[in-house]
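Hello,

Here is the structure I promised to hand over. Please open it first, then read my notes beside it.

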Amino acid sequence: MFPEAFVLLLLVAFNAGSSLGKDNERFHEELVVRPLSGDHVNTYFQFTTRWHYGEKDNLYHTQLTPRVIAELLQQFAVKELHIGLTQGLWRYETWGYPIVEATSGAEMWAWFSGSNLTNGEVDRQWKELANVFSGVLCASLNFVDNTNSIAPRHLIRPQFMPANGQRFVRYSTLPREIVCTENLTPWKKLLPCGSASGFASLLNSGHVHNTKYHSLGLKVRVLCEDHDEENCIVELTQTANLVYDLRLFELSNNDFSLRRLFGMGLNGFCELADSSKIYVQRNEQGERFQLVPAPTQEVRSTRGGHSVVYSVYDMHEQFKDAGERLFNVAWLSPKSEGRRRNLAKPSLPPVTVHRYLLGHGQERGRIVTEVTNSHYDALPIMVQEVVPWYVHAYLHTLSIRRKPQRVNEYGRQRLPFKLLHYTPGKQRELPSHLEIGFMLPGQTSALITIDVDYLLLKWLEYPPDANHGHYIGAAIVSSQLPMGRNYTALPPEGHLFEHSFNATRPSYVLSLHTEALIVSLPTPDFSMPYNVICLACTVVALAFGPIHSVATKMIIVGRQASAPKNFVKKIFNKIFRRGKAGEEAPAEAEGAVLGAAAAAAPLGPSGFGSSRASRTTGGPSGDQPLLEDLDEEEEEQD
């Protein structure tokens, strides 16, 4: 599908086009602005540092290259490293192809090369390398391990110079990763000038993360001349790809400027940069805008039969005069809307991809990947699928059906496999890895389907938001295009954006990413333990209160005074008690004397004489007994 001869041609071009001079370190910064259809604007930042370190011992002495990059070349046998942190989804149908391809979430792959390397040693270095950049970029790359890593066989090809020893590759994605300011700040600290000056000063987190799509990239590769590991260049490329929606700015005619997009103008160029240029696309969607100020240079690039016009602003020329000022470029559209309506719609890219999930319930489903070839000729297609271990895929259900673009439904026509590589997964240890290749006829769509089952996880294996679902990483679709329409990627041997000008080749390697999927696995009711805890605590609290009261309080039993049983007696008793309460204050002294006398009097033979005397003298009239006393006397007589 992708023959090794083609890769060897690329490597020969490396040796022919790469200048491994004796210059120590060079730094370049570039900004590409491309108006897109649908009132969107793409801004692409690229910062490139090339360092001819010569012998490996010189890696300890860096000037522009970050020290962490030099140290990883010392500790690990890594020759090429790619890391991408992306938020959002690139729309191929309306935006064309990006300059640097990336998938949602975190993506990482690396090539290892050296003598006496084994798979076990590569796995150990791969995990340690992920942990290193997890701290460098403040990302969750420490979750990269064998459970979500694969070793691609055909799709991912190296971009470094051939060196002695075997070559190993590892690839992994983290679709759940969220890109935020914590990733942008350490990413900018890797630049020679940081965010103090140059194009990096435009990357304000408040304006970067409000975009519809933003992606941060980091690429490291080692280029050695003539298989000589003592004559090598380390190349570090940092990219930031942003897509703005002009409708959010609420401006008339969708005019915009650098100040409007980034919140400020450009305060100059990085003093350590050998070149600092802004490229603005003028044709296609850029035709409707007028640039202010006017550019000093225009470049026409023809690539694979497709021409693109760029206006160039050289920051060294703009800031050659002394004085502090801010540089701003404005895109102004004409007042009349007639010209804007007459603009032709963007041409559909040759290859587009989509991915979705079929089925119902939480037991089984079907993963579907749709690839469309809008070109008139057949194109080679290669698809790489990584299915996590908690989703069990059935290889015997894999099929590829085809249909013409003008037909809505897929029939029974199938496409044969030209290449098939499958590595089965293992629960809680390895993911399933699938690579397939086939020829897709022109003006045809292909539907790739495979049936899967969803496993029941252990309760400790669920994430905190278990009902949100579990992710399946995006699939990678690769092809070779015979023309350069909508193709803006840099050639493998180039390291600057200007190296893509007039870079015509027999074919162009295209790599696309599909959407990531969210599956709903069988999820237990995690609220039940909470309910049980609440119920148990309530029962304990209700039982603890009475028991604590009985165990700590002293119980004293007192005799209750007998109350009158007759209703008439109760009424008279209440009347007499009210009168007694009114006379209680003036008779307090007399009551005290009589009480003392009663206490000193001897008891009668029946034991009731003193009690009766005390209650009689304490009555309201002094000599009239209470109704209670009358009752007691009647009981005694009986």
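First, the ground rules. This is a predicted model, in which local features need pLDDT of at least 70, side-chain atom pairs count only at pLDDT 80 or more, and totals for chains, interfaces and linings use all residues. Residues are numbered from 1 along each chain as its sequence is written, and side-chain values use heavy atoms, with hydrogens and water left out.

**The sheet**

Start with an open sheet of 5 strands, in the order β20-β21-β17-β24-β25. Its pairing is antiparallel. Strands here are DSSP E runs of at least two residues, helices are H or I runs of at least four, and both are numbered from the N terminus. Two strands pair if DSSP finds at least two bridges between them. The edges are β20 (419-423) and β25 (508-513), each pairing on one side only. From one strand to the next, the twist averages 15°. That angle is taken between N-to-C directions, on a scale from 0 to 180 degrees, with axes fitted to C-alpha atoms.

Look next at β21 (residues 432-440). It pairs with β20 in the antiparallel sense over 5 bridges. In that pairing, T423 has H433 as its bridge partner, and L419 stands opposite G437. β21 also pairs with β17 (residues 379-387), again antiparallel, over 9 bridges. There, V387 stands opposite S432. How much of β21 is buried? 8 of its 9 residues are, so the strand is largely enclosed by the rest of the structure. Buried means under 20% relative accessible area, exposed means over 50%, and partly exposed is in between (1.4 Å probe, protein chains only).

**The rings**

The whole structure holds 23 aromatic pairs. Rings of Phe, Tyr and Trp (its six-membered ring) pair if their centres lie within 6.5 Å; planes under 30 degrees apart are stacked, over 60 edge-to-face, and the rest tilted. W90 and W95 are an edge-to-face pair, because their ring centres are 5.2 Å apart and their planes are at 80°. Both W90 and W95 are buried. Elsewhere, F27, F45, F47, W187, Y244 and F262 form one aromatic cluster. The charged end of K403 sits over the ring of Y410, 5.2 Å from its centre. The cut-offs for this are NZ of Lys or CZ of Arg within 6 Å of the ring centre and within 35 degrees of the ring normal.

**Cavities and the pocket**

There are 7 cavities of 30 Å³ or more. On a 1 Å grid over the protein atoms alone, a cavity is a set of points where a 1.4 Å probe fits but cannot get out; a pocket is an open set with protein on both sides within 12 Å along at least five of seven lines; lining residues have an atom within 4 Å of a point. The second largest cavity has a volume of about 110 Å³. Its lining includes R303, H306 and Y487. β13 (306-314) gives the most to that lining, with 3 residues.

The largest pocket holds about 730 Å³. It is lined by 23 residues, with F143, N148, L174, R176 and Y390 nearest its centre. β23 gives the most to this lining, with 3 residues.

**The loop residue**

A196 lies in the loop between α5 (181-189) and α6 (205-208). Its relative accessibility is 62%, so A196 counts as exposed. A196 and N267 are 71 residues apart in sequence and 9.1 Å apart in space, C-alpha to C-alpha.

Best wishes

How values were computed: Grid points are joined across faces, edges and corners, and a volume is the space filled by probe spheres set on the points.
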